[in-house]
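Please have the sequence and the 3D view open while reading.

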Amino acid sequence: MHTDVSANARVNAQGLNSKPHKVTAEGVNVFYGNKQALNQVNLDIPSNMVTALIGPSGCGKSTFLRCLNRMNDVVDGCRVEGEICLDGENIYARGVDVVHLRARVGMVFQKPNPFPKSIYDNVAYGPRIHGLAKSRTDMDEIVMTSLEKAGLLDEVRDRLDAPGTGLSGGQQQRLCIARAIAVEPEVILMDEPCSALDPIATAKIEELIDELKENYTIIMVTHSMQQAARVSQKTAFFHLGELVEQGDTTDIFTKPVDERTKAYVTGRIG
């Protein structure tokens with residue numbers, strides 16, 4: 001009987017993990033003009049977990065994050081090589097609908113960026129573009145459900161017509177999360193979502209991230225190792241454009257294999 005050794009190896013590598021890989025990156029190189037920002041990155045990201053990308057400034061972690069929904073397409077002179085698959089399909093293949101991809105892979109940025117619209121219209125923006133609501137009743141349900149999932153509904157229920165820009169920083173970031181999940185994504189990318197927030201707002205966002213992983217795959221860039229340790233199940237350490245080490249968050253922080261990882265998590269570099 002013929003045995004597929006590679007298939008068996010893949011099964012063994014995943015072990016008894018019931019959460020299969022949602023995103024896989026293989027041999028990813030990124031260039032900005034002649035400057036190489038990422039070098040041969042291979043990373044598997046499991047479904048319904050939080051994966052933290054850590055490393056010093058300029059190490060390539062945000063560049064990698066932006067590759068996952070092709071945000072780098074809009075950067076002049078940026079070239080991406082290699083393969084990034086979402087559910088086994090290469091997102092850089094010819095004919096991929098980038099608008100549809102970005103609905104499947106939502107993004108929350110470092111600085112809250114609500115549109116200059118009402119709270120309601122901020123959340124309704126994506127569903128309107130993608131035609132997700134057939135009626136006002138449908139739209140109301142999408143908006144209210146998204147705000148509830150983002151832990152914001154109770155705070156804004158009576159002022160949905162007020163401008164989103166009038167909310168506090170932490171509320172604005174949760175509004176941006178509500179806006180991201182309103183189009184029913186499968187993956188949420190977060191680029192240092194708490195770096196502009198105070199500790200109380202940060203705690204709320206972290207609590208929210210923990211709840212969201214039940215329904216979404218979350219990939220988060222963070223400069224805070226304490227935050228990575230609190231909210232993520234998997235961690236990938238980048239340094240000078242290379243993915244140095246990846247694994248369970250507990251292992252990365254308590255028994256890293258690579259000396260560079262050890263130096264970073266103990267504060268000797270970074």
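The sulfur of Cys78 lies 6.4 Å from the closest cysteine sulfur, which belongs to Cys67, and that is too far for a bond. This is a predicted model, in which local features need pLDDT of at least 70 and side-chain atom pairs count only at pLDDT 80 or more, while totals for chains, interfaces and linings use all residues. Residues are numbered from 1 along each chain as its sequence is written, and side-chain values use heavy atoms, with hydrogens and water left out.

**Cysteines**

A disulfide is a covalent bond between the sulfur atoms of two cysteines. Here it is counted as a pair of cysteine sulfur atoms within 2.5 Å, and the count comes to zero disulfides. For Cys85, the closest cysteine sulfur is in Cys67, 13 Å away, again too far for a bond.

| Residue | Relative accessibility | Class |
|---|---|---|
| Cys78 | 19% | buried |
| Cys85 | 7% | buried |
| Ser232 | 7% | buried |
| Asp44 | 37% | partly exposed |

Helices (H or I, at least four residues) and strands (E, at least two) are DSSP runs, numbered from the N terminus. Ser232 sits in the loop between α9 (225–231) and β9 (234–239). Polar contacts are pairs of N or O atoms within 3.5 Å; within protein, one must be able to donate a hydrogen and the other to accept it, and residues adjacent in sequence count only if both atoms are side-chain atoms. The Ser232 side chain makes such a contact with the side chain of Thr249 at 2.8 Å and with that of Thr235 at 3.4 Å.

Asp44 belongs to strand β2 (residues 35–46). Contact means heavy atoms within 4.5 Å. Leaving out residues up to four places away in sequence, Asp44 touches His21, Val23, Thr24 and Gln246. His21 and Asp44 are 23 residues apart in sequence, yet their C-alpha atoms are 6.1 Å apart in space.

**The cavity**

Rolling a probe the size of a water molecule over the atoms shows where empty space is left. A cavity is a set of points on a 1 Å grid over the protein atoms alone where a 1.4 Å probe fits but cannot get out; lining residues have an atom within 4 Å of a point. The largest cavity is lined by Val23, Leu68, Ile84, Leu86, Ile91, Val105 and Val187.

Definitions and conventions:
1 Å grid on protein atoms, 1.4 Å probe; cavity = no way out; pocket = protein on both sides within 12 Å on 5 of 7 lines; lining within 4 Å. Buried < 20%, exposed > 50% of the residue type's maximum accessible area, 1.4 Å probe, protein only.
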